[in-house]
Amino acid sequence: MLLLAVLGATALSSLPSLSFTVPPDGHKFGSSVVVDDCDRAEAQFGCASRLLLAGHDKEGVEAMRSAAAGGDNRARRALGLMLIRGEYLPRDQAEAVRWFLSAAGHGDRASMAILATLYRDGIGTAPDPRKAALWQSRAAR
């Protein structure tokens with residue numbers, strides 16, 4: 001059991017880190033949050049990123065979920081990373097796999113590579129070398 005815990009920790013450390021790049025669109029955070037463009041689907045990921053970076057976790061996660069529901073693969077992948085690591089959200093590795101599958105199913109190669117690792121190491125799912133190889137192959141295309 002201890003060996004599985006160590007292997008799981010090693011596999012998690014090989015996943016990409018959760019980081020956000022904030023687009024330079026003139027929005028600033030201070031005592032009040034300015035998020036004029038958060039209703040535009042194409043701007044929701046940037047808005048969510050800014051909120052999270054400014055420490056507005058609840059609003060940032062809500063905006064990230066909205067962006068993901070609107071079809072933004074970056075947001076789907078970010079939610080997967082949040083859930084797999086327990087950052088901004090409680091750790092839920094099975095739910096993380098669902099977000100990565102959603103992004104990968106819409107062509108996100110980074111999520112495909114992450115899925116290869118998760119299936120290889122059995123994180124959030126049962127180990128499945130066949131699925132790991134499939135996702136690795138798709139990510140490499």
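A: Gly105 is exposed, with a relative accessible area of 60%; buried means under 20%, exposed over 50% and partly exposed in between, using a 1.4 Å probe and protein chains only. Bear in mind that this is a predicted model, where local features need pLDDT of at least 70, side-chain atom pairs count only at pLDDT 80 or more, and totals for chains, interfaces and linings use all residues. Residues are numbered from 1 along each chain as its sequence is written, and side-chain values use heavy atoms, leaving out hydrogens and water.

Gly105 sits in helix 5, where helices are DSSP runs of H or I with at least four residues, numbered from the N terminus. Its C-alpha atom is 9.6 Å from that of Asn73, 32 residues away along the chain.

Now for the helix pair: helix 4 (residues 73-85) packs against helix 5 (residues 93-105) at about 160°, with axes 8 Å apart. Axes are lines fitted to C-alpha atoms over the stretch in contact, and angles run from 0 to 180 degrees between N-to-C directions. The two helices are therefore roughly antiparallel, a label for angles over 145 degrees.

Zooming out, the protein chain has 7 helices and 0 strands, and 39% of its 141 residues count as buried.

Methods. Parallel < 35°, antiparallel > 145°, perpendicular 65-115°, else oblique.
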